Amino acid sequence: MEATVVQSDVTAAYYSVKDVMAILGCKQTKAQDVIRQLNDEMVSQGYMRYPKGKVSRKYFNERFRR
């Protein structure tokens, strides 16, 4: 029996620029800088690069939420 995945059951594994803006309370340019820096850190640790304008939720939360 094959499981059916419904689109609403899948949650995004990343934050977009708008998400980062809302979480940090910053403007678009700063949010883009933060995403770029976090993605560069992840690449230096051996992870694959996320698409431009997106950052891993897990990594973002590790770095900014306490």
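These legends walk through a few close-up views of a predicted model.

**View 1. Helix 2 meets helix 3.**
Two packed helices are described by the angle between their axes and the distance between the axes. Here, helix 2 covers residues 28-44 and helix 3 covers residues 57-64. They pack at an angle of about 105°, and their axes are 11 Å apart. An angle from 65 to 115 degrees counts as roughly perpendicular, so that is how helix 2 and helix 3 sit relative to each other.
Which residues make the contact? From helix 2 come Val34, Gln37, Leu38, Glu41 and Met42, while helix 3 brings in Tyr59, Phe60, Arg63 and Phe64. Sort the residues of this contact by type and you get 6 nonpolar, 1 polar and 2 charged.

Zoom in on Arg63 and Glu41, whose side chains meet in a salt bridge at 3.0 Å, N to O. Arg63 belongs to helix 3 and Glu41 to helix 2, so this pair ties together parts that are 22 residues apart in sequence.

**View 3**
Now look along helix 2 for Asp33 and Arg36, which sit 3 residues apart, about one turn of the helix. Asp33 forms a salt bridge with Arg36, and the closest N and O atoms are 2.9 Å apart. Are these two residues buried or partly exposed? Asp33 has 36% relative accessibility and counts as partly exposed. Arg36 is partly exposed too, with a relative accessible area of 47%.

**View 2. Asp40 pairs up with Arg49.**
Here the side chains of Asp40 and Arg49 meet in a salt bridge, 2.8 Å from N to O. Asp40 is partly exposed, with a relative accessible area of 37%. Arg49 also counts as partly exposed, at 48% relative accessibility. How many salt bridges are there in total? The count comes to 3.

Asn39 has its place in helix 2. Is Asn39 buried or exposed? Buried means under 20% relative accessible area, and Asn39 has 5% relative accessibility, so it counts as buried. Leaving out residues up to four places away in sequence, Asn39 touches Arg49, Tyr50, Pro51, Lys54 and Val55. One of these, Arg49, is the salt-bridge partner of Asp40 from the previous view.

How values were computed
Residues numbered from 1 in each chain as written. Predicted model: local features only at pLDDT ≥ 70, side-chain atom pairs only at ≥ 80, totals over all residues. Heavy atoms only, no water. Axes fitted to C-alpha atoms, helices over the stretch in contact; angles between N-to-C directions. Helix = DSSP H or I, 4+ residues; strand = E, 2+ residues; numbered from the N terminus. Parallel < 35°, antiparallel > 145°, perpendicular 65-115°, else oblique. Contact = heavy atoms within 4.5 Å. Nonpolar A, V, L, I, M, F, W, Y, C, P; charged D, E, K, R; others polar. Salt bridge = Lys/Arg side-chain N within 4 Å of Asp/Glu carboxyl O. Buried < 20%, exposed > 50% of the residue type's maximum accessible area, 1.4 Å probe, protein only.
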